[in-house]
Structures are given as C-alpha cells and as structure tokens.
Amino acid sequence: MKKKLVPLCLFCLHFTLSAQNLDLNKKQLQATRVMEAPQLDGVLDEAIWLNAPFATDFVQQQPNPGQTPSQPTEIKIIYDNTGIYVGAVMYDSHPDSILKELSQRDQLGNTDWFGIFIDAYRDGINGVSFIVTPAGVQFDAKYSTFGEDESWDAVWEGKTKITSEGWVAEMKIPYSAIRFPDRNEQTWHLNFGRMIRRQQQKSFWSEVDPNKNGFLNQAGYLTNIQDIKSPIRLQATPFLAVYAQHYHDRQGDPKNSFGRSFNGGMDIKYGISDAFTLDMTLIPDFGEAQSDNQVLNLSPFEVQFDENRQFFTEGTELFNKGGLFYSRRIGGTPLRYYDVEDHLVDGEEIVSNPDVAQLYNATKISGRNSKGLGIGFFNATEGRRKAVIQNAEGEEREFETSPLTNYNVLVLDQNLKNNSFATLINTTVLRSGPEYDANVTGGVFTIRNKANSYAISGSGAVSQKYFSDKTDLGHAWEIGLRKSSGEWQWGIEYEEESDTYDPNDLGFNSNNNGREFDFWTEYNKYKSFWGFNRGGIGIWTGYERLYSPNVYTEYGVEGWVWAETKNFWNINLFSYHEPFTTYDYFETRTEGRFYRNPKIHNYGFSISSDSRKRFRLQTNSNLTTTNEKGRYNLNASVSGRYRVNDKLNFELEVGRFEAPRSVGFVDKLENTFIDPGTGEPTEQVDVIFGRRDQLTFENIFNTRYNFSANMALSFRLRHYWSKVAYESFHHLDKKGNLAATDYDDTHDRNFNAFTIDMVYRWRFAPGSDVYIVWKNAIFGEEDFVRHGYFKNMNGLFKEPQTNSISLKVIYYLDYLQFAKRKTQMGS
C-alpha cells in the first residue's frame with residue numbers, strides 16, 4: 001500500500017503546483033505542522049524535528065557559481081498557529097575554524113551566517129530575510145526594487161550553538177513579522193543562504209545565478225502551510241529620553257551655559273489587515289541618530305545628507321519609488337531660515353533662529369494585497385518656527401521661518417508579470433498662511449520579458465508650485481532599454497528635465513534643466529579565470545544638453561575594470577574623459593551665462609585587501625588633469641581596520657582632496673547704466689569668478705566593543721577641514737572665458753566640522769533598548785586660511801562647542817503577549 005501511495009502523493013503535489021502556476025523545475029520544501037512548539041535553544045533534539053522533510057544540496061554563488069559547497073547544510077521548517085520555526089544544521093569539518101565576530105544587530109562582521117529569505121506573495125521583487133550568526137547576532141532586511149533595506153526591523157527569535165559537527169541555528173519567525181495573503185493554503189517563495197566566511201563561500205538552497213537579473217525570483221517554494229491566520233498586529237514602543245547639554249564659548253558671556261530637557265513619545269505599529277500595516281510616531285525623538293557629515297559646499301547644488309532616523313528609513317521602500325521622496329525635508333531646515341538676515345534693519349541682531357523644524361508626528365500606512373497592488377500613504381506634520389530679533393533698545397520681535405506644514409505621499413505600486421511593475425506616486429506639501437504649496441505627481445515602470453533578460457524602464461513627473469498669483473509647472477521624464485541578464489549586458493537611456501521642474505519641497509533634485517542620452521555596456525565573468533575569482537570590464541558614454549535653451553553642455557566617456565583575486569583582494573580601475581570643451585550653466589548662478597570648462601582626463605583606482613584578515617586595508621585615489629597649467633584635482637583616501645578579537649575592533653580613515661588653481665563662482669554685481677541707443681536704464685550683471693587653491697582633509701576614527709549580541713558600545717570621531725585661498729579674481733565674459741577685473745574682496749574660507757558620537761546600546765528584551773549617548777560638536781568658519789593641520793586644530797578648539805549626554809529607554813509592547821498572559825491567567 002505504501003508503494004502505491006508514494007506516486008499518488010507525487011502526482012497530487014505536481015497537480016497542486018501546476019494549478020498555482022508554479023515553476024515545477026524549482027526546488028520545493030514542505031512545512032510540517034506541529035501541535036507543540038519546540039524550545040528555542042539551538043539544539044534540535046525534540047521529536048517534532050525528526051519527521052520533518054529537510055532541504056539540502058546547496059549551490060555556490062561565490063566564489064565558484066554553480067558548484068557544490070565545501071560543507072553540507074540541512075534545514076527543516078515546522079509551523080504552528082503562531083509562526084514558523086527553522087531548524088538549520090550547518091555541518092563543518094573544522095568547527096574550531098568557524099568565524100563568529102560579534103557585532104551590533106543588523107551588522108554582519110567577520111562571521112559565518114545562515115539566513116532564510118521569504119517572498120510570501122511570490123512577486124519575485126518584495127520579500128524579507130532573517131539571518132543569524134554563530135554568535136547569535138540577528139540581521140533582518142526587506143527587499144524591493146531598491147535592493148536590500150537593512151533598516152527594517154522585526155521582532156523574532158534566534159538561538160545558535162556550535163557543536164562538534166558544525167553549528168546549529170534554531171529560529172522562530174512569528175506571523176506578525178511576515179505579511180502573507182489570506183488563503184487556506186500558503187505557497188511562498190523560499191530560499192536559504194549560508195556564508196562560510198573563512199572561505200568567502202556564499203551558497204543558496206535554490207541556486208542564485210549572478211548572471212541572472214534579480215534575487216527573490218530565483219527562490220524555490222515553501223509549501224503545505226495550511227490554515228494560518230495573520231494575528232492581531234498591534235505593537236507599541238513608548239520611550240522616555242532625558243538630555244543634559246553644555247554649551248561652551250570662550251568669547252561668550254557667560255562662557256558656559258547648561259540646559260536639560262526630557263522628551264516622551266511613542267511609536268505604534270498596527271496591522272490593519274493581513275497585508276497592510278500602520279506605523280505612527282508621536283512626538284518623535286532621534287537623539288541616537290548619527291551626526292551629519294557636514295562639508296564646505298562651494299558648488300551651486302544642495303548637499304544631500306543620509307537619513308539616519310529609523311522611522312524614516314524603516315519600511316519606506318514604496319515611498320522611495322520614483323525618487324520623489326527625500327525624508328530629510330521633514331523636520332529639516334525651516335523654509336525661511338536663511339531669509340532672516342535680509343529682514344534685519346539697522347541696529348537689529350538675531351537672538352535665536354532654530355535650524356531644525358519641530359516635527360509633531362508622522363504616519364505610514366503600507367502593504368500589498370493578494371493581487372500584487374502595493375499601497376503606501378505617508379503623512380507628517382511640522383509646527384511653526386520663529387526667529388527672535390532684538391534691536392539696540394532690547395526690544396524683541398519675531399520672524400516666522402516656517403509655517404505649520406503638512407507633508408503627505410501616496411503610492412500605488414502594481415506588480416506585473418515577469419517581475420515587472422508600474423507605480424504612481426503623488427507628493428503634496430501644504431503650508432498655512434501666505435506661503436506657497438507644492439505638489440508632484442509621477443509614475444515609474446519596468447517591463448521585463450519572460451526570461452528576465454531584457455527590460456524597458458521609464459518614469460515621468462510633473463511638479464506644481466501654487467503661489468497666490470500663479471502656478472509654476474515643470475516636468476521630467478526618462479525612458480530606457482537594457483539587457484539585464486547574461487555575462488554581457490548593456491543599456492541605453494534618455495532623460496529630460498525642464499528648467500521649471502522642481503520637486504524639492506519633498507524630494508531631492510540637485511539640478512534641473514537638462515537632456516541626457518546615455519549608453520553603457522559591460523562584460524562580467526563570475527566564474528574563476530586566470531588568477532581571479534571573478535571580474536568585469538565596461539564602458540559608458542553620455543551626451544548632455546540644456547533643456548532651455550537647447551544647447552550642448554557636455555560629453556563624457558568612462559571605462560572601468562574590476563576583479564577579485566584568488567586571495568580575495570578587490571581591485572577597481574577606472575578612467576573618465578571629456579575630450580571636448582564643456583559648458584557649465586549652473587556654476588555661474590546667472591541665467592543665460594556659462595563658463596567654458598577645460599578638457600579633463602580622470603584616472604583612478606581602488607584596492608581593498610582580504611576582509612577576513614585581522615588587519616584590512618582599503619585605499620582609493622583619482623587624479624583629474626586639465627589642459628591648464630597647474631590645474632588638477634587629486635583625491636586620495638586610505639582606511640585601515642584592525643580586529644583585536646571577536647568583540648573589539650578599530651578603524652581609521654584618512655582622506656585628502658587637493659584642487660590647486662581651480663575655478664569657481666564668487667559673486668555677481670548688478671549695475672544699472674543708460675543705454676545710449678534707447679536712453680533707457682538697463683541692468684547689467686557682472687559675474688565674478690575666482691581662481692583658488694582648495695585643500696581638504698577628512699579623518700574618521702571608529703571603534704566598537706560588543707559585550708554580547710545584544711549589548712555594544714561604539715565611538716565615532718570625525719574631523720573635516722577645508723581651506724580655500726583665492727589667488728585672483730576674474731570677470732566672466734559673454735563667451736564663458738575669464739577676463740581681467742579690478743574686483744578685490746575677501747573670500748578665503750577656513751571651515752572645520754568636528755563631531756563625536758558615542759553610543760551605548762543594550763537590547764534588554766525583544767524590541768526594547770536602552771541608549772546612552774554622548775555627542776560633541778564643534779563647527780567653525782573663518783574668512784582667513786590657517787596653515788598647518790595642528791595650528792588649525794588649535795584654532796578649532798577655541799570655537800564654541802556643544803556637549804550633550806542623553807539617556808533613552810524604549811520598551812516594546814505586543815498585544816499578543818498581553819493576550820497570551822491573560823489566557824494563561826484565566827486557565
């Protein structure tokens with residue numbers, strides 16, 4: 001009878017998978033339902049593990065794609081009404097050689113790891129991963145068209161144990177951490193991954209071919225999960241933060257001032273349905289976020305800073321589609337912060353001018369239904385900000401720098417066949433009072449063929465600014481075709497932005513007014529050849545014009561070569577050339593005027609040594625030459641990391657940028673004269689450029705000590721120094737050349753930014769943290785140049801500085817835990 005049942009079951013499985021439009025060539029693993037949950041201890045000795053089917057036969061992705069890994073792996077999955085359980089045995093013939101460096105959560109150091117990757121809706125694009133190391137460090141991430149989002153955090157459990165046969169991982173992933181369709185029987189995309197660090201060997205259960213486009217679309221299947229329901233997903237993380245500040249100014253009166261404050265708020269996460277989740281932060285506090293890397297910006301373009309605030313990095317992949325959402329606008333610099341000085345009258349001075357807007361709350365709703373439609377809604381509210389101005393008699397008045405402001409984003413993202421998608425995005429900024437409002441509506445799509453080897457991508461957007469008497473309209477669009485799989489790939493793209501396109505009220509666009517045509521091709525080989533594990537070569541070329549007026553601006557060609565050696569050193573060589581004169585219409589800061597750039601040639605390289613070693617060295621450098629005598633740019637940096645043991649490491653990065661005899665905008669003078677022909681007064685703009693020597697140093701020192709997988713102390717010191725000395729000034733003529741002028745003013749700059757971030761973090765319970773943070777900040781800017789690094793440092797520490805120490809406690813509350821305790825008490 002048993003012999004007759006086996007082929008019948010295989011036939012039933014084949015029929016079931018065919019009915020679900022599954023690829024029968026992919027690997028499948030059946031989950032086994034259990035009535036009693038295993039004890040999570042890293043020991044798979046319970047009887048419930050014994051009868052579960054197991055997955056094995058992993059396939060290497062690197063360093064030898066397609067080959068069998070050096071060590072076998074076996075994984076089993078069981079489930080109950082609360083979550084899925086993963087039991088993984090990573091066999092290792094040399095368990096004493098397993099690498100297991102400790103690191104903070106969501107950071108993988110020099111360590112082996114095991115992970116499970118789940119795409120519950122089987123769209124091949126969106127999914128989650130849960131990874132654990134032999135030392136018990138947890139790492140989780142979310143996947144989308146943007147790749148891997150490491151900032152996403154879920155609450156789950158993982159225990160590990162090193163044995164005489166290798167190491168074991170036992171994990172519980174609650175259903176509250178996964179979004180899945182409301183069906184009686186679940187079939188998910190599933191993959192397992194393993195890293196054997198000492199061999200730099202990464203392998204997957206379902207083969208991930210580096211020559212194929214995509215990651216989740218190459219997964220296998222998890223089947224036979226039946227009658228599970230998405231639980232009530234209601235979690236709250238209230239927090240309390242206490243701050244003590246000290247401000248020291250040698251020239252001030254008083255020289256020292258002290259302050260203290262406290263803040264309390266809450267983050268709330270609620271599962272609206274099986275697929276959609278609401279995230280809300282009330283009276284947020286981001287005191288533990290890393291300080292910004294401030295720089296001296298001489299360009300006409302805004303500096304884009306990284307987002308370090310967890311609420312705005314976690315689960316925002318939907319909102320980032322189309323590039324119309326730049327979260328640093330929210331709670332950022334007030335709208336009229338830089339206008340205060342222009343509204344001073346004689347005898348007045350600025351008493352206070354807050355440089356950060358007050359964020360009251362922010363809300364996200366996001367998810368994806370069973371038909372593949374992703375919906376995202378984001379809303380945030382900022383309070384008013386006012387600068388205080390005082391006159392000579394001591395009387396004060398206020399100047400509003402930012403009105404009450406509301407931001408919102410709406411996204412509709414539809415998954416299509418063959419891992420394709422189409423997305424609609426709308427962003428709106430509403431301001432109270434007379435200030436203007438803004439709206440941007442855009443769309444983005446990618447259509448792939450069945451083999452996932454070719455793709456057509458495109459996007460478009462319309463920006464609108466609503467003033468009291470007019471509306472400014474602008475547009476942008478692009479279209480591209482690419483071959484996205486195989487050793488040889490290529491792409492072609494056209495992009496256009498009108499001169500009135502401006503998404504920057506809630507987005508980021510460094511500059512508009514352009515048309516660009518690009519073509520690239522590259523050949524990558526991921527199997528070993530010659531003395532390398534893998535390598536590639538490529539070329540890119542781009543041609544640019546202004547949108548208005550439609551004139552040529554730039555043409556460039558770039559080539560590159562990269563390789564990984566058998567000793568796991570990584571080498572990159574690149575070169576960029578502008579063989580013809582280019583015309584810069586942005587540096588002049590004046591409409592219709594341009595500067596003629598010289599021809600340039602850039603050569604560069606980067607080298608990094610084997611990351612497995614106790615000491616790792618990385619260096620990169622590039623040199624840009626011109627056809628002007630003595631004018632070049634040289635950028636070089638070296639970083640070294642020394643790992644003392646599995647708990648302590650040090651890292652130092654030293655960078656130097658040199659640009660002698662560079663040319664840039666200084667000032668523009670508006671003069672009025674009488675036109676001899678018409679007799680009418682006419683305005684003339686005289687654009688002043690300067691020839692200058694710029695020298696910049698950036699030094700960053702990091703050290704980390706990890707007490708355990710849940711407790712760490714990190715220290716980061718950054719010093720940035722940039723000095724600019726002008727040797728001459730020039731009038732910019734109508735042909736874009738530098739001409740003589742009698743202009744003479746002081747524009748030398750000496751800018752310093754010195755910051756320290758020291759953070760102690762203890763995750764004392766799942767989702768619950770204690771932070772103790774010390775921050776030090778010194779910023780200085782002078783109109784003369786200091787010579788000598790240590791002389792400059794001596795002057796830097798005479799500048800005003802701010803020190804702050806904070807204590808923040810975050811506690812994770814889960815409705816399911818309360819319900820479980822209530823049930824236990826009732827029984």
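# A guided tour of the predicted model

Begin by selecting Pro549, which is found in the loop between strand S31 (532-545) and strand S32 (552-565); strands are DSSP runs of E with at least two residues, numbered from the N terminus. The peptide bond that leads from Ser548 to Pro549 is cis, with omega near -5°.

Before continuing, note that this is a predicted model, in which local features need pLDDT of at least 70 and side-chain atom pairs count only at pLDDT 80 or more, while totals for chains, interfaces and linings use all residues. Residues are numbered from 1 along each chain as its sequence is written, and side-chain values use heavy atoms, with hydrogens and water left out.

Next, select Pro63, in the loop between strand S4 (59-62) and strand S5 (73-79). Here the peptide bond from Gln62 to Pro63 is cis, and omega is near 5°.

Move to Asn419, in the loop between strand S24 (405-416) and S25. Asn419 is not a glycine, yet its phi is positive, at about 60°. Is Asn419 buried or exposed? Asn419 is buried, with a relative accessible area of 13%; buried means under 20%, exposed over 50%, and partly exposed in between, with a 1.4 Å probe and protein chains only.

Now select Asn513, which lies in the loop between strand S29 (488-497) and strand S30 (514-525). Asn513 has a positive phi near 60° and counts as buried at 11% relative accessibility.

For the next stop, select S16 (residues 234-248) and S17 (residues 256-271), which pair in the antiparallel sense over 15 bridges; two strands pair if DSSP finds at least two bridges between them. The bridge partner of His246 is Phe258, in S17. S17 and S18 (residues 276-282) pair in the antiparallel sense over six bridges, and Gly271 has Thr277 of S18 as its bridge partner.

Finally, select the residues around the second largest cavity, including Thr427, Val440 and Asp502. A cavity is a set of points, on a 1 Å grid over the protein atoms alone, where a 1.4 Å probe fits but cannot get out, and lining residues have an atom within 4 Å of a point. About 50 Å³ of space lies in this cavity. Which strands each supply at least two residues of its lining? They are S25 (420-431) and S26 (437-448).

Methods
Helix = DSSP H or I, 4+ residues; strand = E, 2+ residues; numbered from the N terminus. 1 Å grid on protein atoms, 1.4 Å probe; cavity = no way out; pocket = protein on both sides within 12 Å on 5 of 7 lines; lining within 4 Å. Points joined across faces, edges and corners; volume = space filled by probe spheres on them.
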